[in-house]
Amino acid sequence: NPFFVEQMLLYLQEEGLLEQIEAGQQAQFADTLPTDARALLVARLDRLTLEVRTVVQQASVLGREFEINILEAVTDTTLDLSTQLQTGTEDAIWFPLSDQRYIFKHALLRDAAYKMQVRSRRRILHEKTAVAYETIYKTDTSAHYGQIAYHYDEAAVTVKALNYYERAAMQAKSNYHNEETLTFFGHALRLAAQDNTELRYRLLMEREEVYGWLGSRTEQAQDLAQLDQLLETQTDNHKHANLALRHSAYALVMGQYNDAVT
């Protein structure tokens, strides 16, 4: 694996375990050489200065790609961010995609930095990240609904995460990004309380429609069954009528004509 070879060589170089010879360089292997990819990446990250490692860990919360303005909002103001970003580039941690956007050199490197942090610290950083998106893009957060929802979800701020997941799902649905739509509705339903009939009805009706567009009949039938169960004790005739129409449409495309008529 070229990435692992590269990381191993960088580790050996940083540890002073490469010796210059006429043909190039040869490694002087130590007994404590990391034995797997994650241990190797963690060892490399541990060698960074505290300041650089702190910024790397904070950036890892933002994802594999991250924006400088968001990172600035969650980073300790005492740190010289531009210097740490440059050092991270020189140490092959990440590289710039543009003046305002960076990407970790590999997803595994980002994951290693992320998992080095305790869950409570990650939650704090996720919430700060969500707030940063809301603040920086307060005039129009629509392009970042999914990201804000994810960060609030990871921060265990359920109400806000649910709100943004529904917004993200509806936006993706209106643009016919069907797979994204299903993912966001799935997250929203995971967070929605079982006794919140109004919300679950709305989410399931929207998702069932998308499954119908895609011809995913098994999943569509499962959502219809969930809706039946949800409305068992409800007396809202409007909801029952809408659900009956959905059952009729489903029966029609399945060739179950008697059920469709009924």
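Biologist: How many aromatic pairs does the count come to?
Modeller: In this predicted model, the count comes to 10 aromatic pairs. One of them joins F66 and W94, whose ring centres are 5.3 Å apart with the planes at 65°, and since an angle over 60 degrees counts as edge-to-face, that is how this pair is classed.

Biologist: Where do F66 and W94 sit, then?
Modeller: F66 belongs to strand β3 and W94 to strand β4, so their pairing ties together parts that are 28 residues apart in sequence.

Biologist: And F66, is that buried or exposed?
Modeller: F66 has 1% relative accessibility and therefore counts as buried, and W94, at 2%, counts as buried too.

Biologist: What about F66 and Y102, how are those rings arranged?
Modeller: F66 and Y102 form a stacked pair, with 5.9 Å from centre to centre and 15° between the planes. Because Y102 lies in strand β5 while F66 lies in β3, this pair ties together parts that are 36 residues apart in sequence. Both residues are buried, and F66, W94, Y102 and F104 form one aromatic cluster.

Biologist: OK, the sheet itself: in what order do the strands come?
Modeller: The sheet is open and has three strands in the order β3-β5-β4, with antiparallel pairing. The edge positions are taken by β3 (65-67) and β4 (94-96), each of which has a single partner strand, so one side of each is left without a neighbour in the sheet. On average, neighbouring strands here are turned by 25° against each other, direction ignored.

Biologist: How many bridges between β3 and β5?
Modeller: There are three bridges in the antiparallel pairing of β3 with β5, the latter covering residues 101-104, and E67 stands opposite R101 of β5.

Biologist: Which helix lies across those strands?
Modeller: That is α3 (residues 50-62), which lies across β3, β4 and β5 and runs at about 105° to β3. Its 13 residues reach 19 Å from the first C-alpha to the last, close to the 18 Å expected at 1.5 Å a residue. The helix is mostly covered, with 10 of its 13 residues buried, among them V52, V55, V56 and L62. Following α3 comes G63, which has a positive phi near 120°.

Biologist: Switching to the largest nonpolar core, which residues touch the most other members?
Modeller: The largest nonpolar core holds 56 residues, and those touching the most other members are L45, V56, F66, L71, L85, I93 and W94. Helix α9 (residues 158-174) supplies the largest share of this core, namely seven residues.

Biologist: What does L71 touch?
Modeller: Leaving out residues up to four places away in sequence, L71 touches V55, Q58, A59, L62, F66, L81 and L85. Another core, of five residues, lies apart from the largest one and includes Y11, L12, L17 and L40.

Biologist: Last one, D223: buried or exposed?
Modeller: D223, which lies in helix α12 (residues 217-230), counts as buried because its relative accessibility is 2%. Apart from neighbours within four places in sequence, D223 is in contact with L204, R207, E208 and Y211.

Technical notes:
Residues numbered from 1 in each chain as written. Predicted model: local features only at pLDDT ≥ 70, side-chain atom pairs only at ≥ 80, totals over all residues. Heavy atoms only, no water. Pairing = 2+ DSSP bridges. Helix = DSSP H or I, 4+ residues; strand = E, 2+ residues; numbered from the N terminus. Axes fitted to C-alpha atoms, helices over the stretch in contact; angles between N-to-C directions. Contact = heavy atoms within 4.5 Å. Core = buried A, V, L, I, M, F, W, Y, C linked by side-chain atoms within 4.5 Å. Buried < 20%, exposed > 50% of the residue type's maximum accessible area, 1.4 Å probe, protein only. Expected span 1.5 Å × (residues − 1). Phe/Tyr/Trp six-rings, centres within 6.5 Å; stacked < 30°, edge-to-face > 60°.
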